[in-house]
Amino acid sequence: MKLIEACNDFVVKFANVNGSGSASANELFARSILRMGVPVAPRNIFPSNIQGLPTWYEVRVHEKGYQGRRGGVDLMVAMNPQTWDQDVREIEPGGYLFYDSTRPIPKPKLREDIRLIGMPLTEICNATYTDARQRQLFKNIIYVGALAALMEIDPEEIERLFSEQYRGKEALLQSNVKALRLGYDYANEHLDGPIGLKVERADAVGDKIFIDGNSAAALGAVYGGATVCAWYPITPSSSVAEGFIKYCQKYRADKESGRNNYAIVQAEDELASIGMAIGAGWNGARAFTATSGPGISLMQEFIGLAYFAEIPVVLVDVQRGGPSTGMPTRTQQSDLYACAYASHGDTKHVLLFPKDPAECFDHTAQAFDLAERLQTPVFVMTDLDIGMNTRLCEPLKWDDAHRYDRGKVMSFEDLEAGKEFGRYNDIDGDGIAYRTYPGTHPSRGAYFTRGTTKDRFARYSEAGPDYVENMERLLRKFETAKGLAPAPIAYSGEKPSELGAIFYGSTTPAMEEAIDVLAERGIQLDALRVQAFPFHDDVANFIARHRAVFVVEQNRDGQLRSMIVNEIGVDPARLQAVLHYDGTPITARFIVDQIAQYAAVRSLASGKKAAATKGA
Amino acid sequence: MTYLAKPKLHHPDLQANSRGYTRRDYEGKISTLCAGCGHDSISAAVVQACFELEIEPARVAKLSGIGCSSKTTDYFLGNSHGFNSVHGRMPSVLTGANLANRELIYLGVSGDGDSASIGLGQFAHCMRRGVNMVYLVENNGVYGLTKGQFSATADKGSKSKRGVVNNDEPVDMIGLALMLGASFVGRSFSGDKQQLVPLIKAAIEHPGPAFIDVISPCVAFNNHAGSTRSYDYVREHNEAVNRLDFISARSEITVGYAPGEVAEIVQHDGSRLRLRKIAADYDPTNHSAVMNHLQERTEAGEIVTGLLYVNPNPSDLHQYLNTTDRPLNTLGEAELCPGSAALEKFNAGLR
């Protein structure tokens, strides 16, 4: 049996029972590797459950810093008897299985092509602790200690993490250090370490930060000047609003009065959440809601109202598998249609696609400027993979010289000076008209807000020409949005390729890795990361420059691909869909396989064609 | 007909209030509702109340849902911003607007379909949250704009114009408002201006969630024999518990009543509610007694009107949320953005 030997490049997966306290221990493991200067990309794979169902934590260690999921498992820490068979099966040949050997495991339950590392964890805990909860919780810390010994992780880094976490809580600190040492020493004495998977100190983390996308989006809303948040709990978006509460408490309480420069309401449902955000946006406050697919469905009527009545509002959609009893704890990019064309009538909305937590921060903050400039709903399309997983990314940045773009708003002075006010009167030709906040002027600038039964001065009208004029203006406004939303980012190799790939959002890390792997295999690929809808002209140009273009995304129907076909008018045959939608994050391996397969078939076909031509 | 511009001509003798506004300055577009519609009388009462209170018209925000009642916000206070939102969702839009700027007066206008059917949830939660607003339900027991279907406030056993008998229990909006925390609850009749105007005035000045149910006959679809929302039926069954006079904190007290028949309630802001008692021993500040009385009178087939309940020391959502006095929509970068130095510190904690 040849065992896997790898340094700073492997995958460890923890199989646990939900609610057993494993999450913090597993994150401790991931952080300790980070502290050794080696990038990690951890992912929680969890059920829709509070206690009892299986949960996994997968840590990808990679010195180059690839943040995508790799696929495959080199070391399985199998702590859940319920999923034992499946977990053992998943280990790569030559990999490692770490397990609790307190009770003997029958031979057929084990594999011969992997190395078995049994440690009597329960026995050790029972001998050391009397309290049942302690036995459970410290078991997790003990295995982290043992893994540190087996993989040469510096235990002092873990102790430092403990001392940061339990600052001022001496008893907790000591008991955790004791459990860690118990596992570490036992492994050194009894287990034949170190194993082939090793962590070696490096300097590959730099000033990067370790944060989840929902927290980053929440902070982005604080920096972006949101003052009103209305929300309804739904996985995987709840921690956006909860993060906003936390950061507002920290940053937004008035220092002198102690009063809050924000208002947050947990509404009775998603309809009320978006209604409140729209009411606040109408009245001149920066407002947002955070939700996921089913919430977007419930908000449809209101989103249409905001589109037609032209009210700024920001929606953070942390996408998951649909529908309501779908896969709430699994990831997808499958709300694109639902958001891009949300509501009845002819509607189109601005979407932003952040790739990681740092961009969740940037895009959420920017969304408020866009929403107010464009006077329309703006969607920040994150997903569970980046929203709920802690990810290594660039530090968050803010330019203190940046001023909020409050858009076209007529002030008291403007009205007093006699500037003509027509709420839907496009005087600048960019499709955006001036608005007023309620209460601005005693006798000028008031208007009645309704859907589309209006003329350019907001007077009641059901006349066809008024309707058409309004709808045409909304299209002009959507054109304006193209130039304001973040432009796509191009990736090109040394020489131009005739193969291109378009991707967005959380697919980015897997795609970046796939580009490297394909290049190593001799397949050159240009790529374009779309950051927003409506599509920038660069998207059409990119497609025109390439013979075949892959559209890589995480949904069944190729939603972005269809939107490109429809909006740009591209021949569908030119766009190859590469689709991953089983609820797990897309992997570089998957993308490489799909594209390499296509490339092989194409070169085979063109080879045959060449041979046939030669024969003739 | 809104395509006919309302003439700007003012009668030279038209009285102006201390702000220099005449009653006409509080009017809106010409109503498109049916002639004789109770809702138009309510609009007129709103105009009168705002004129008498000497409110700056632009300081009112009018929000509504969908339906005949919700259209009326275009027919009064033409110098105020109005928002005709979506069916049954006025409360959430108003809540958000109120959070954005606590300094305006928020008038939510809704109907029985809008609030008791499709919007029952939002009505309930808005009351629970204590949004500082006047919630006016123009209650005719019928869907007018879609031509005569029963609404959820139609009484059990009442007959539609087509002769269909309603078998469903009515939603008691007054009872719900009381249960869910409205701190001002009143009921009136669109045909009783004497009662309605002071009630609206008092509700506007009440610094908390104020709910008024106004029975408003639908002349097109619910004004026939067998209806319990017709002009005749309501006049016959109306049992007023009191007659109200509202005296704002800044006005002189000039209205006089003989002692013994008047109850005066001084509100937190110094304004006074003077109630000429009709029902003996009716105390509108006693929550459980009010609930009992209403239950008994309803069972007796009476429609109890007047100021039904008031909490003289109400609180509101802004108080609960501890929001700053400045309207949130006036805050800028200085108050809202923690800046790059704070972000550096934040980053440092995540390494």
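**Note on the predicted model: chain A overall, and a sheet in chain B**

1. Of the 616 residues in chain A, 52% are buried. Bear in mind that this is a predicted model.

2. Next, overall dimensions. The radius of gyration of chain A is 27 Å. A compact globule with 616 residues would have a value near 25 Å, so the two agree. Along the principal axes, the C-alpha atoms of chain A fill a box of roughly 85 × 85 × 40 Å.

3. Chain A holds 20 helices and 23 strands. Take its contacts between residues at least 6 apart in sequence: 76% of them join residues at least 24 apart.

4. Now to chain B. What is the strand order of its open sheet of three strands? The order is 10-12-11, and the pairing is antiparallel. Strand 10 (242-247) and strand 11 (262-266) of chain B are the edge strands. Each of them pairs on one side only. On average, neighbouring strands of this sheet are turned by 20 degrees against each other, direction ignored.

5. Look at one pairing in detail. How many bridges join strand 10 of chain B to strand 12 of chain B? There are six, and the two strands run antiparallel. Strand 12 covers residues 272-277 of chain B. Within it, Leu275(B) is the bridge partner of Leu244(B).

6. Which strands does helix 7 of chain B lie across? Helix 7 (residues 193-205) lies across strand 10 and strand 12 of chain B. Helix 7 runs at about 50 degrees to strand 10 of chain B.

Note on methods. Residues numbered from 1 in each chain as written. Chains lettered and ligands numbered in written order. Predicted model: local features only at pLDDT ≥ 70, side-chain atom pairs only at ≥ 80, totals over all residues. Helix = DSSP H or I, 4+ residues; strand = E, 2+ residues; numbered from the N terminus. Rg over C-alpha atoms; globule rule 2.2 N^0.38 Å. Buried ≥ 20, exposed ≤ 12 C-beta atoms within 10 Å, placed from the backbone. Contact = placed C-beta atoms within 7 Å. Pairing = 2+ DSSP bridges. Axes fitted to C-alpha atoms, helices over the stretch in contact; angles between N-to-C directions.
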